[in-house]
Amino acid sequence: MAVVLTTVKRRAFLNALELKLRRSRGDMLQEFLGALMIKVHGDNFVPATAHYSHGDLKCDGLLHEPLTIFACYGATNGGDGISTSALAHAVAKVAEDFNGAVKHWPDLKEWVFVTNFVKAIPPQITNEVLKIQKGEANRQLKLFGHAQFEKAILSLDPEDIEDLIGDAATDADFRQIQLPEVQSTINDVMAAMNDGLIRDDQPIEVPAEKLDINQLSEIYRYRLKQGFQSAGRVGTYLLDHPDPMLDGRLAGVFKTKYLELKAQGFVSDEIMNGLYDFALGEHRGIAREVAVWSLLAHLFEKCTIFEDDPSKVVAA
């Protein structure tokens, strides 16, 4: 039986799950599903290990009993703001993947279409699944979305949940930020970058509506607001650092990364994902996640990253 979570920790895990789903586009959703299903179903689940030159047999994961084939569609930013053409592609993928699974796995009993939509699964996808189901008396078709991920995640012990999604920091974690972890985060970022970047150590007055100007989703606003609780300590750490140029060089690194992501046409949520992954690197754990979000909040307050002018924001 899974451990009963406190309300605060449960909310932290649900926030972390949304962030995980938003970052699980393309093959990353398949990887996340595989890791989750192994924890839920053990040896009954077989993750996809496709050799792409030979095809994946339309299988993104398999349950032995009952024989179940999973198909994944990982939309950009959890499907938030999905374009008409991308949605049409997702709808077409339902029939394509199902028919392919039946061809390669004729004995399958269930077929599950997995999405990372953080809001409701679009009715066009649901309608396509129901339409196919009408002609399949001996097979069951299912949808697996945010609600199903949430149910599966919350059925696990906290250690397993953190292993899967991390980023479950609470307000208390931010109030107890560990400055050595901030230092380690900064050192890792600087060590990975070449010199010769923009230096940006001249903070400007931040408009109160900056979160609105950049059209960030609520989950990112929430994380930044948590980070604001400890951003001042990050700023003080940088101000008092023995290297007086560190603050400017660090800001330059993130300014450059921000402009690089923006130049690729990414909207604000996607840019935030990119900056978070850039700062986090290969590290995991609550202390590192608190350090990363606090650092990003500090840079956001300085206007090093994101815009203070609505005309400069990449429209969704």
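Predicted model: local features only at pLDDT ≥ 70, side-chain atom pairs only at ≥ 80, totals over all residues.

Start by selecting Phe 306, which sits in the segment after α13. Helices and strands here are DSSP runs numbered from the N terminus (helices are H or I with at least four residues, strands are E with at least two). Phe 306 has a relative accessibility of 3% and therefore counts as buried; buried means under 20% relative accessible area, exposed over 50%, and partly exposed in between, with a 1.4 Å probe and protein chains only. Now show what surrounds Phe 306: apart from neighbours within four places in sequence, its contacts are Lys 210, Asn 214, Leu 216, Tyr 258, Ser 268, Ile 271, Met 272, Leu 275 and Phe 300. A contact means heavy atoms within 4.5 Å.

Residues are numbered from 1 along each chain as its sequence is written, and side-chain values use heavy atoms, with hydrogens and water left out.

**Whole chain**

Zoom out and colour by secondary structure: the chain has 13 helices and five strands. Along the principal axes, its C-alpha atoms fill a box of roughly 70 × 45 × 35 Å. How does the radius of gyration relate to that of a compact globule? For 316 residues the globule value would be near 20 Å, and the chain has 22 Å, which agrees. The radius is taken over C-alpha atoms, and the globule rule is 2.2 Å times the number of residues to the power 0.38.

Switch to a surface. The chain exposes about 15,300 Å², of which carbon and sulfur atoms supply 52%; the areas come from the Shrake-Rupley method with a 1.4 Å probe, and for residues only the protein chains shown count as cover. Of the 316 residues, 49% count as buried. Among contacts in the chain with a separation of 6 or more, 78% are between residues 24 or more positions apart.

**Helices α10 and α13**

Select residues 218-239 (α10) and 286-301 (α13); the axes of these helices come within 6 Å and cross at roughly 85 degrees. Axes are lines fitted to C-alpha atoms, for helices over the stretch in contact, and angles run from 0 to 180 degrees between N-to-C directions. The two helices, α10 and α13, are therefore roughly perpendicular to each other; under 35 degrees counts as roughly parallel, over 145 as roughly antiparallel, 65 to 115 as roughly perpendicular and the rest as oblique.

Show side chains at the crossing. Residues of α10 in the contact include Tyr 220, Leu 224, Phe 228 and Val 234, and those of α13 include Trp 293, Leu 296, His 298 and Phe 300. The contact residues divide into eleven nonpolar, five polar and two charged. Ala, Val, Leu, Ile, Met, Phe, Trp, Tyr, Cys and Pro count as nonpolar, Asp, Glu, Lys and Arg as charged, and the others, Gly among them, as polar.

**Two buried helix residues**

Next select Arg 23 in helix α1 (residues 7-23). Is Arg 23 buried or exposed? Arg 23 is buried, at a relative accessible area of 14%. Beyond four places in sequence, Arg 23 contacts Met 28, Asp 167, Asn 273, Tyr 276 and Asp 277.

Move to Leu 164 in helix α6 (residues 158-165), which is buried at 9%. With residues up to four places away not counted, Leu 164 touches Lys 20, Phe 32, Ala 35, Leu 36, Lys 39, Ile 153 and Leu 156. The C-alpha atoms of Leu 164 and Ile 153 are 8.6 Å apart.

Select Gly 61 in strand β2; at 0% relative accessibility, Gly 61 counts as buried. Gly 61 touches, among others, Phe 45, Val 46 and Ile 69.

Most residues other than glycine have a negative phi, and most peptide bonds are trans. Pro 66, in the loop between β2 (61-63) and β3 (68-73), is joined to Glu 65 by a cis peptide bond with omega about -10 degrees. Lys 58, in the loop between β1 (45-47) and β2, has a positive phi near 55 degrees and is partly exposed at 25% relative accessibility. Finish at Asn 77, in the loop between β3 and α3 (84-104): its phi is positive, about 55 degrees, and Asn 77 is buried at 4%.
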